[in-house]
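User: Hi! Could you walk me through this one?
Analyst: Happy to, here it is.
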Number of protein chains: 2
Amino acid sequence: MKVVITGAAGFLGQKLARALVKRGHLIGPSGKDEPIDRLTLFDVVAAAHPGDNRVEVVTGDISDRDLIAKLIDRDTGSVFHLASIVSSGAEEDFDLGYRVNLQGALAVVDACRALPHAPRLVFTSSLATYGGEYNVEVDDGTPQTPQTSYGTQKAIGELLINDYSRKGFLDGRSLKLPTIVVRPGKPNKAASTFASSIIREPLQGQSAICPVAPEVSMALLSPRRTVEAFIHAHDLPAQAWGPWRSCNLPGIDAKISELVAAMGRVAGNDPVKRIEWRPDSAIQKIVATWPGRFGWAKAKRLGFKPDGSVDEIIRNFIEDDLQR
Amino acid sequence: MKVVITGAAGFLGQKLARALVKRGHLIGPSGKDEPIDRLTLFDVVAAAHPGDNRVEVVTGDISDRDLIAKLIDRDTGSVFHLASIVSSGAEEDFDLGYRVNLQGALAVVDACRALPHAPRLVFTSSLATYGGEYNVEVDDGTPQTPQTSYGTQKAIGELLINDYSRKGFLDGRSLKLPTIVVRPGKPNKAASTFASSIIREPLQGQSAICPVAPEVSMALLSPRRTVEAFIHAHDLPAQAWGPWRSCNLPGIDAKISELVAAMGRVAGNDPVKRIEWRPDSAIQKIVATWPGRFGWAKAKRLGFKPDGSVDEIIRNFIEDDLQR
């Protein structure tokens, strides 16, 4: 069967593509394991090609309904919908955020609905769907009252995917990602990007700015575990999800100071000295709307796995992504 | 200022129009009381004209973005967005439900956003936004995991209105309506329509079918109190709402048997005998996704008022709407 990854040029899309190429199979719409004979990497810019002849790279606009209807065709058994304008990006450019994150999601679910079968759909939602009054201790039973446009658009995506799944038009699974650390590459427009920068840049010999206080707490998950979670979510049977096709992914609750201390334990004190602590009120304001504690009982029940420790998160980055 | 009611041909739209004509003023975008010098009644069919020269009747499609941008023009200080495909209707016709309830809501909020000021917007959401695992005891802090397309579309409307309000594009207030009883007129495609039919038809000398068991519990609010709530919600200051522009409206939790008993107390036993109890599995399935208990602490704090008793709900219908 054909598998489509949207947002495939992003670091998670790239890691997922490599993992799927290596794995070579997924549960198909029939409920049986099927070989992946085509993997389509879709993004607004060309995704890097992993050098496998099953892979094709397609570029375009996720909100272009005609294009997405062609992308998600009758051969498509599964879609990983990762394409998204990230938090600060959607906050700065309101129209772009709604076009990509809302109209894009609609284009994807409507393309799935048009097929004669119900493709599996894995959607990356976010802890940014929580906020406001209900942001102190968050679990799967906390109301989603987001305080950013990004969180709003992700919450809408979850609602759409649940309804389309209920109707049998697709077989959806939404994963609320905690803060993914350590992202490889360059900083992006996610408000949380600093949580990666303060580890990645110092470990690569560069300085980094931390725009929030050391006592700020975040829920952390490594890219390695995140990609494992995408595949695990995909292959779970539909009935495991119950009447709500969404769950918080596992995260380790840790203060920024604990993350930095772990880097010190794993890689010595030199990288720690490369962090400059310089508060930024715009970032702090967004981060303050995120939950202080992140529960993931449903993910645990469904067999998702967190990293073993904050130290392991640092080691995963060094093994998987460090640019020496 | 100009006030727009969408869905103005519906019974709540009609009652609201008459109430606004009588009242003649509302708080404007400036925060000060302003006279209503124009009241535009918009619907897909022509709304009845209340015979006042400030009122104009406009017909069209709520999802027609150009039309809605003309409807909600620079003179518009307030919008009551009531237009909606109801629960069973949206369940039967998936495309129509999404077009009216989602694309229609987008047309309204984007028209508001295009204005140089932030109009007040009152939106009718529903207890159908709750459901699934979290439908037993529902209050303002219960997650919205709807199990119908209608509930999904209403939850999306709330998210949009909250985000557009947060950005200052409009000043929104979403009201989650319980079951409105007793609706005047004819049965509609709402799954809850029987709750009105079993009172209205017998009081008007006709027979009625009750498709659910007598022990089914619903949260009830009279049309009179609902229209009062629309105006109260509109005139509250923005800061009263806090970071989430939505609340459950007050309802009286009552079993169908209690509603019928109240009719017996108010109007005697003859109407009660005109009810035929004939279970309908499709209706029961939808009603089962609605909450068993409906909390409304935020509405109480904000000064919204329920009916005094189930008997009062029956008496309100007899006074306001009974067709003898």
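User: How many residues does the contact take from chain A and from chain B?
Analyst: The contact takes 21 residues from chain A and 21 residues from chain B, where two residues are in contact if their C-beta atoms, placed from the backbone, lie within 7 Å. This is a predicted model: local features need pLDDT of at least 70, side-chain atom pairs count only at pLDDT 80 or more, and totals for chains, interfaces and linings use all residues. Residues are numbered from 1 along each chain as its sequence is written, with chains lettered from A and ligands numbered from 1 in the order in which they are written.
User: Which element gives the largest share of chain A's side?
Analyst: Helix α5 of chain A (residues 149-166), with 7 residues. Helices are DSSP runs of H or I, at least four residues, numbered from the N terminus.
User: And how are the two copies related?
Analyst: As by a two-fold rotation axis: a rotation of 180° with 0.0 Å of shift along its axis superposes chain A on chain B, with RMSD 0.0 Å. The same surface serves both copies, as 100% of the contact residues of chain A recur in chain B.
User: Which residue of chain A comes closest to that axis?
Analyst: A:P143, whose C-alpha is at 1.8 Å.
User: Switching topic, what box do the C-alpha atoms of chain A fill?
Analyst: Roughly 55 × 45 × 40 Å, taken along the principal axes.

How values were computed. Helix = DSSP H or I, 4+ residues; strand = E, 2+ residues; numbered from the N terminus. Least-squares fit on C-alpha atoms with pLDDT ≥ 70 in both.
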